[in-house]
Structure formats: C-alpha cells, structure tokens
Amino acid sequence: MVPRRTPVTLLTLLATVACGALAFDLIQVHTAHRSAAAWRMSAVHWLSGHGPGDPAVVIAGALMGLIGIWMVVLAVTPGLRHRSTVRTAAERVDAAVDRSAVESLVRDAVGDVPGIASVRVRARRRRVTVRTRLAFGDRTIAHAAVTAAARAAVTSCRLRREPRLRVTVTLDPVWQPPAQPPTPRVAKEVDQ
C-alpha cells in the first residue's frame, strides 16, 4: 500500500513547480517588460489549435479527472487513523498498533482489578477513556487500582505519544459498601 503522503507530495510538488514557473514568467513579462517564455508561447499556441473534442484534450481531461477522484478518495478514506505509532529501538522502522488492540489490552488489565463488574474502554489519539462499574469494595481504592492497571497497560504498548488517561468508576446498582470492621468493645470497670 502506497502511503498517503507520497501521492499528495508528488502532486503538490508538480503543481508548485508548474505554478511557480508560470508566475515567474508572468512577473518577468509584466515587471521587466521581457517577452513571454518560449514554452509558454508554444503551450498557448498548441491549446489554441486544439478544441474540446480533440482526442489529446479529452485524454488529458480524463487523466486530470482521475487524479482528482484519486485525491478525493485519499482524503475521505480513513487510512491509518485507527492506528497509533509505536516506539521502536531500530532506526527507520515505523511500527503501528491498532487502537482496538490497545483497548483490549487496557480492558483486560482493568478487568482483573478486584470488584470491577464491567469495563468500557475507548482509545483515541490523545486520550484513553476507561469507564468501569464497581460491584464491591471501596471506590477510592478501586479508582486508584484501575488507574494504575490502565496506565501500566498503556505504557506496555510503548506508544510514541502516550495518551492521557481518563478513568471513571461508577457504582453498580448491586454495590454494597464495604463492611466496617467490628469495633472492639471496651469493658467498663465497675467499682464494687
């Protein structure tokens, strides 16, 4: 698969060179009062002799139309937006991981935290959002454990740009507060 940057770069470079040469020639004609360049005069002469029904014009128009459609398809299709780049030790090696794989790793890591009933994870380029439901246990302890597990899972992916982490722990409808340890009773001394 050809990377998206290659065709766009080539087309932009070609258009820049053509427009730059035309602009340079027009500036010289109007400011320095020189005659038009030979290539521009021959192009104008050729275009004046060939009409819209000429096969060369039809082929050139069809080619420009295909290039335009190709550019629109490249602009509309998602490409590699669902992937995040990964740090590698080797130079000149580009590696990427699908964001759904990052979501699965974080979901599995957070699902192992005690008391968590369900986990929903959404990975984006700059943020990983984790939403959990707590079935039992202390909410603050569970939040800290979920945050640590999610951070460890994201770090293990070795993403080139580590996303921010957003963790939400909500209580499950069946949640019970943690049982309080019984307080020891102090026997009162009775004077006799």
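Arg158 sits in the loop between α5 and β5 (164-176), with helices (H or I, at least four residues) and strands (E, at least two) taken as DSSP runs and numbered from the N terminus. This is a predicted model, so to speak of local features a pLDDT of at least 70 is needed, side-chain atom pairs count only at pLDDT 80 or more, and totals for chains, interfaces and linings use all residues. Residues are numbered from 1 along each chain as its sequence is written, and side-chain values use heavy atoms, with hydrogens and water left out.

Most residues other than glycine have a negative phi. At 39% relative accessibility, Arg158 counts as partly exposed; the cut-offs here are under 20% relative accessible area for buried, over 50% for exposed, and partly exposed in between (1.4 Å probe, protein chains only). His33, found in the loop between α1 and α2, also has a positive phi of about 55° without being a glycine. With 67% relative accessibility, His33 counts as exposed.

As for the overall layout, the chain has five helices and five strands. Read from the N terminus on, the elements go α-α-α-β-β-α-β-β-α-β. The chain has 192 residues, and 20% of them count as buried. Contact means heavy atoms within 4.5 Å, and among the contacts in the chain with a separation of 6 or more, residues 24 or more positions apart account for 51%.

Asp25 belongs to helix α1 (residues 5-31), while Arg40 belongs to helix α2 (residues 38-49). Their side chains are joined by a polar contact of 2.4 Å, that is, a pair of N or O atoms within 3.5 Å, where within protein one must be able to donate a hydrogen and the other to accept it, and residues adjacent in sequence count only if both atoms are side-chain atoms. Asp25 is buried at 7% relative accessibility, and Arg40 is buried too, with a relative accessible area of 17%. Leaving out neighbours within four places in sequence, Arg40 is in contact with Leu22, Asp25, Leu26 and Val29. On the same terms, Asp25 touches Ala36, Ala37, Trp39 and Arg40.

Further along, helix α4 (residues 99-111) packs against helix α5 (residues 139-156) at an angle of about 145°, with the axes 8 Å apart. Axes are lines fitted to C-alpha atoms, for helices over the stretch in contact, and angles run from 0 to 180 degrees between N-to-C directions. On the α4 side, Leu105, Val106, Ala109 and Val110 meet Val146, Ala149, Ala150, Ala153 and Val154 of α5. The residues of this contact divide into nine nonpolar, no polar and no charged (Ala, Val, Leu, Ile, Met, Phe, Trp, Tyr, Cys and Pro count as nonpolar, Asp, Glu, Lys and Arg as charged, and the others, Gly among them, as polar).

Neighbours within four places in sequence aside, Glu103 is in contact with Val121, Arg122 and Ala123. The C-alpha atoms of Glu103 and Arg122 are separated by 6.2 Å, although the two are 19 residues apart along the chain.
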